[in-house]
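A short report follows the display.

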Amino acid sequence: MATTLTSEQMKQFVKDHFEDFVNKRNAAVIRKNMTPDFYDHDGPGGRPTDLAGDEQMMVGMYNAMPDLHLTIEEMIAEGDKVVCRNTWRWTDPSGKKLQFHGFVLWRFEGDKIAERWATVTPPAEGASWTAGPERKAVENRAS
């Protein structure tokens, strides 16, 4: 089934999903936002999973990273798909600021997400929780 949403509606849906699922720590929202047969090609440990697997993964992340926060850096939508580049940040138990970056591709059916593919970098210590000098320099060159 094709999606019933426009590109802008799909992008807003993904933004809202990330806000609820990650930043507001509402793992159960996955059951509202995904199709019943949702398939995550790149779930925990890089293995395929379903709704329950992704929900369990996020609960584990909430417990391990109490201040976990996701920022969407860019989004592109076309046809029935949305891709976004994002940054995940948190503080580890020793007080170190950590982050990883990811690309996620979502495929919609009707008005819900049916599939997910993701690639993430290994966690690394972050310079700060805001754009550092390197990013600002890139932004200035792009202007």
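## The loop at Arg 25

Where is the place of Arg 25? Arg 25 sits in the loop between α1 and α2. The model is predicted, and all that follows is computed from it.

Arg 25 comes after α1 and has a positive phi, near 55 degrees. Arg 25 is a residue other than glycine. Most residues other than glycine have a negative phi.

## Overall architecture

The protein has four helices and six strands. From the N terminus, the order is α-α-β-α-β-β-β-β-β-α.

The chain has 143 residues, and 41% of them count as buried. Take the contacts with a separation of 6 or more: residues 24 or more positions apart account for 51% of them.

## Helix α1

Helix α1 has 17 residues. From first C-alpha to last, α1 reaches 23 Å, close to the 24 Å expected at 1.5 Å a residue.

Several residues of α1 are buried, including Phe 13, Phe 18 and Phe 21. Met 10, Val 14 and Val 22 are also among the buried residues.

## Helix α3

Helix α3 covers residues 51–64.

At the start of α3, a side-chain oxygen of Asp 50 comes to within 3.2 Å of the backbone nitrogen of Ala 52. The buried residues of α3 are Leu 51, Gly 53, Asp 54, Glu 55, Met 58, Met 61 and Tyr 62. What covers them? The cover includes the helices α1 (7–23) and α2 (30–33). It also includes the strands β1 (34–40), β3 (81–91), β4 (97–109) and β5 (112–120).

## The largest pocket

How much space lies in the largest pocket? About 400 Å³. Its lining has 26 residues. Asp 42, Met 57, Met 61, Arg 116 and Val 120 lie nearest the centre. Of these, Met 61 is also one of the buried residues of α3.

The elements α1, β1, α3, β3, β4 and β5 each supply at least two lining residues. By class, the lining divides into 14 nonpolar, eight polar and four charged residues.

## Arg 116 in strand β5

Arg 116 is found in strand β5. Its relative accessible area is 13%, so Arg 116 is buried; the cut-off is under 20%.

Which residues does Arg 116 touch, leaving aside neighbours within four places in sequence? The run Phe 38, Tyr 39, Asp 40, His 41, Asp 42 and Gly 43 is in contact with Arg 116. Asp 54 is in contact too, along with Val 104, Leu 105 and Trp 106. Among these partners, Asp 42 is listed with Arg 116 as nearest the pocket centre. Asp 54 is a buried residue of α3.

Thr 121 lies in the loop between β5 and β6 (124–125). Its relative accessible area is 34%, so Thr 121 is partly exposed.

Leaving aside neighbours within four places in sequence, Thr 121 is in contact with Phe 100 and His 101. Thr 121 and Phe 100 are 21 residues apart along the chain, yet their C-alpha atoms are separated by 5.5 Å.

Key: Residues are numbered from 1 along each chain as its sequence is written. This is a predicted model: local features need pLDDT of at least 70, side-chain atom pairs count only at pLDDT 80 or more; totals for chains, interfaces and linings use all residues. Side-chain values use heavy atoms; hydrogens and water are left out. The expected span of a helix is 1.5 Å times one less than its number of residues. Buried means under 20% relative accessible area, exposed over 50%, partly exposed in between (1.4 Å probe, protein chains only). Contact means heavy atoms within 4.5 Å. A polar contact is a pair of N or O atoms within 3.5 Å; within protein, one must be able to donate a hydrogen and the other to accept it, and residues adjacent in sequence count only if both atoms are side-chain atoms. On a 1 Å grid over the protein atoms alone, a cavity is a set of points where a 1.4 Å probe fits but cannot get out, and a pocket is an open set with protein on both sides within 12 Å along at least five of seven lines; lining residues have an atom within 4 Å of a point. Grid points are joined across faces, edges and corners, and a volume is the space filled by probe spheres set on the points. Ala, Val, Leu, Ile, Met, Phe, Trp, Tyr, Cys and Pro count as nonpolar, Asp, Glu, Lys and Arg as charged, and the others, Gly among them, as polar.
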